[in-house]
Amino acid sequence: MGVLGHFIVKRFLFFLFVVWLASTIIFIIPRLSGQDPVKEKLLLEAQRGGAMQTGLDAMAKSYQKRFGLDQPMWVQYTNFLKDLAKLNLGVSIAFFPRTVNDIVFESLMWTLGLMGTVTLLAFVLGTLAGAILGWPRKPGWLQYVFMPLLTLSAIPQYLLAMILIFVVAFKLGWLPLFGGYSPATLPNMSFEFAIDVLRHAILPAFAIIFSAIGFWAIGMRGMMINTQGEDYMIQADAKGLKGSRIFMRYAVRNALLPQVTGLALVLGTIVTGQVLVERVFSYPGIGDILFQAIRLSDFFVIRGIVIVIILGIAGATFLLDVLYPLLDPRIRVRNS
Amino acid sequence: MVQPTIEETRLSTEQAIQTYRADARITDVDALVVENFSVYYETDSGTVKACDDVTFTLKQGERFALVGESGSGKTTLAMGLMRLTRPPGHIAKGSVTLNGRDVTKLSENEMRKTRLSELALVPQGAMNSLNPVMRIERQIVDGFLDHRSEDDKALSKDELKEFVRDLLIRVGLRPGVARLYPHELSGGMKQRVAMAIGISLRPNLIIADEPTSALDVVVQRQIMQTLGRLQEGLDASIMLVGHDMGLVAQFADTIGVMYAGKLVEVGPVEEVFSDPKHPYTKLLIRSLPSLQEKREFLGIPGLPPRLINLPNSCAFADRCPSRFDKCDQSVPQTLNLGGRRETACHLYEGEGQS
């Protein structure tokens with residue numbers, strides 16, 4: 001095992017440490033709130049059902065036993081860590097008897113499908129737009145096309161989402177109003193279903209992409225302008241290189257480095273979904289589930305989602321640490 | 001008293017003049033003719049004449065050194081000659097004839113091809129002049145690749161490797177440096193790489209813009225020797241931009257002194273050092289420390305003027321010990337004092353011809 005292997009192992013141990021620390025905090029915080037999720041759920045059901053007010057305490061006890069909430073704290077904690085190691089996130093209270101894994105996995109697919117695609121697309125388009133905007137030798141008219149486009153990024157996503165719903169879906173009726181697929185259909189692998197899913201994804205995607213493009217473009221433009229002042233850019237010109245080579249190999253290649261850091265961090269957070277946008281479109285993603293879980297005090301689902309978020313961010317950081325040296329030779333691991 | 005040996009330290013100015021290179025192969029062919037060349041910066045508070053009406057000629061094989069204090073327009077002139085002036089700067093007037101062609105009239109693409117192949121820059125502070133994310137070999141090769149014409153046959157990988165290897169050896173680096181990144185090199189090595197790039201297409205004119213700033217004196221000397229050797233190998237001319245008079249005295253054949261954007265004195269190094277004409281040059285040379293005699297350090301009192309809205313007078317008048325009425329009435333014109341000696345000073349109006 002060389003220096004590189006050593007480095008990766010070290011970064012991985014750090015990754016495990018971060019996950020453990022964050023999970024422990026997640027374990028402690030709900031227990032400090034003093035709420036009893038089981039009892040609350042039962043009370044809610046009782047109110048809905050009307051009559052059944054007696055025997056609630058007994059029922060709560062039996063459910064608590066079932067969820068292991070009657071055990072001493074340290075037993076609960078060790079059980080929690082054991083389950084976490086097996087990536088078993090427990091059972092949902094609100095959607096009992098579905099497991100949290102099941103719920104999180106299903107909504108994660110929707111979120112990753114939408115957010116993953118949209119984030120990468122916005123990164124590529126935004127970075128490209130920023131690179132061109134920050135290039136002194138661009139055609140002059142580009143300024144007048146890109147700049148107004150970027151002002152769109154100042155509109156909050158949920159507002160843009162509502163405008164899109166109102167105009168495109170409600171007034172014009174071109175695209176569906178809400179959901180991840182038409183309510184009458186069952187998810188399957190057919191071509192029709194795929195088209196249906198795509199049609200449902202277009203508006204949420206646009207709502208997110210517009211603001212994200214501006215974010216990436218403005219960052220990239222700033223970096224490109226910084227790069228212009230570097231000595232190696234003057235030297236590239238003095239070497240009589242072709243404009244295209246200076247643009248790609250000298251300017252963009254160097255300006256891209258902080259963008260990639262940003263992308264890795266954003267990719268880590270896409271598992272959180274876009275709570276507001278998903279809510280507005282009733283998109284069955286993880287953000288929507290998180291919203292419902294909070295409303296229903298479903299501690300186990302909340303905890304499960306937060307753990308997925310932790311894994312996502314810590315995982316992305318770990319990957320960035322391992323891959324970044326490939327992009328920037330100055331960060332390359334050295335024998336020290 | 002133990003005298004430092006030449007290898008240990010730079011030569012003193014006096015020694016340098018004595019070791020003036022007698023074997024210089026200066027031909028009578030004009031390599032570069034600069035006439036009334038002016039680079040102005042347009043700012044909100046007015047036009048900054050950073051380089052104004054500069055005229056000089058560089059022969060093939062000649063080493064021309066441009067000296068002057070910071071802000072005197074040396075680098076502006078050097079960048080202007082390569083047409084690398086960036087906005088708000090622009091070339092206001094004048095012509096630059098390189099190998100018989102006026103480069104100020106070339107199209108952008110022709111100018112691009114002229115750079116490196118005929119006119120190469122060895123930049124100041126090679127520290128940051130290399131792309132940090134590219135291996136050295138790529139940075140040497142890409143200039144070559146972008147100057148190939150379409151009917152040139154493509155070189156194989158091995159031939160390109162050989163090309164890089166040969167250049168690195170010529171500048172005194174081991175061939176293994178090709179595979180390294182800039183941050184893995186020392187300052188002196190980076191400067192050598194910059195020279196390797198500069199000579200890669202065998203240019204006739206090398207502009208070396210303070211190639212030894214930020215290097216210690218021992219490395220400075222080695223770098224200058226290498227640069228000189230390379231120039232002789234190519235039979236090229238060199239325009240050395242710097243403010244280190246000792247270095248210039250050792251290296252150059254001809255010296256040009258800039259002050260406030262103007263070339264105030266031009267002449268062969270040994271003549272200018274032994275008999276400076278312009279009062280600024282006189283003070284400049286007097287301010288050099290000497291190894292032979294012990295005396296107080298002397299400076300030039302005052303500061304250079306701002307280059308915006310210069311009045312119709314000599315820019316050096318306020319600091320000049322020989323100031324007289326005429327200095328405040330008109331801008332001195334460049335006078336030829338015989339041979340290759342020129343100066344722009346009212347004191348000599350009786351002797352020279354403009």
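**What the labels rest on**

Guide: Chain B is divided into domain 1 (1–118 + 205–216 + 232–354) and domain 2 (126–202), with bounds that come from an automatic or database domain assignment. This is a predicted model, where local features need pLDDT of at least 70, side-chain atom pairs count only at pLDDT 80 or more, and totals for chains, interfaces and linings use all residues. Residues are numbered from 1 along each chain as its sequence is written, while chains are lettered from A and ligands numbered from 1 in the order in which they are written.

Visitor: How do you know which residues of domain 1 of chain B are in contact with domain 2 of chain B, and how many are there?

Guide: Two residues are in contact if their C-beta atoms, placed from the backbone, lie within 7 Å. Eight residues of domain 1 of chain B pass that test against ten of domain 2 of chain B. Helix α3 (residues 108–117) of chain B gives the largest share of the domain 1 side, three residues. Helices here are DSSP runs (H or I, at least four residues), strands likewise (E, at least two), numbered from the N terminus. The C-alpha centres of the two domains of chain B lie 30 Å apart.

Visitor: Why is α5(A) called oblique to α12(A)?

Guide: Helix α5 (residues 100–133) and helix α12 (residues 286–295) of chain A pack at about 140°, axes 7 Å apart. Axes are lines fitted to C-alpha atoms, for helices over the stretch in contact, and angles run from 0 to 180 degrees between N-to-C directions. Under 35 degrees counts as roughly parallel, over 145 as roughly antiparallel, 65 to 115 as roughly perpendicular and the rest as oblique. So α5(A) is oblique to α12(A).

Visitor: Which residues make that contact?

Guide: From α5(A) come A:Ile103, A:Val104, A:Ser107, A:Leu108 and A:Thr111, and from α12(A) come A:Ile286, A:Gly287 and A:Ile289.
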